[in-house]
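Dear colleague,

Please find below the structure that I am handing over to you.

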Amino acid sequence: MAGYLEEDEAWSYVFPAAKRLQQGYGSWEELGRAYELGTFWWREDAGAGSRNIVNGLLRDPQSPWRLIPWGMNLD
């Protein structure tokens, strides 16, 4: 929607990345906690903000992390 890529081109990048994430992590929570840890090591003061983001995505009933199953077939 930002106009940098056409939608089809964007999906051609999203799906391979999503498949790699599924292979490397066992759940949305595991992915989120790794993200949280990564932001802490990148910039220590970002850790609390990352934790809030991850917790929100895990708890909000309308979050894509709650609506889309982690093991969804991406083929």
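A residue is called buried when its relative accessible area is under 20%, exposed when that area is over 50%, and partly exposed in between, using a 1.4 Å probe and protein chains only. Please keep in mind that this is a predicted model, in which local features need pLDDT of at least 70 and side-chain atom pairs count only at pLDDT 80 or more, while totals for chains, interfaces and linings use all residues. Residues are numbered from 1 along each chain as its sequence is written, and side-chain values use heavy atoms, with hydrogens and water left out.

**Overall build**

The chain has four helices and zero strands, where helices (H or I, at least four residues) and strands (E, at least two) are DSSP runs numbered from the N terminus. Read from that end, the order of elements is α-α-α-α. The C-alpha trace spans about 35 × 25 × 25 Å along its principal axes. Of the 75 residues, 17% count as buried. A contact means heavy atoms within 4.5 Å. Among contacts with a separation of 6 or more, 42% are between residues 24 or more positions apart.

**Surface and charge**

The accessible surface is about 6100 Å², and 57% of this belongs to carbon and sulfur atoms. Such areas come from the Shrake-Rupley method with a 1.4 Å probe; for residues, only the protein chains shown count as cover. Tyr4, Leu5 and Tyr13 make a nonpolar surface patch of about 420 Å². Patches are made of residues with over 30% relative accessible area and no salt bridge, like charges being joined within 9 Å and nonpolar side chains (Val, Leu, Ile, Met, Phe, Trp, Tyr) within 5 Å. Leu5 lies in the segment before α1 (7–24) and is partly exposed, at 41% relative accessible area.

There are 7 positive and 11 negative side chains, and the centres of the two sets lie 9 Å apart. Here Lys and Arg count as positive and Asp and Glu as negative, whereas His and the chain ends are not counted. The place of a charge is taken as NZ of Lys, CZ of Arg, CG of Asp or CD of Glu.

**Salt bridges**

Side chains of opposite charge can pair when their charged atoms come close. A salt bridge is a side-chain nitrogen of Lys or Arg within 4 Å of a carboxyl oxygen of Asp or Glu. The structure holds four salt bridges.

One of them joins the side chains of Lys19 and Asp75, at 3.2 Å from N to O. This pair links distant parts of the chain, with Lys19 in helix α1 and Asp75 in the segment after α4 (64–67), 56 residues apart. Lys19 is partly exposed, with a relative accessible area of 29%, whereas Asp75 is exposed, at 79%.

Where do Arg33 and Glu29 lie? Both are in helix α2 (residues 28–42), and because they are four residues apart, about one helical turn separates them. Glu36 is buried, with a relative accessible area of 12%, while Arg33 is partly exposed, at 30%. Glu29, Arg33, Glu36 and Arg51 are linked in a network of salt bridges.

Yours sincerely
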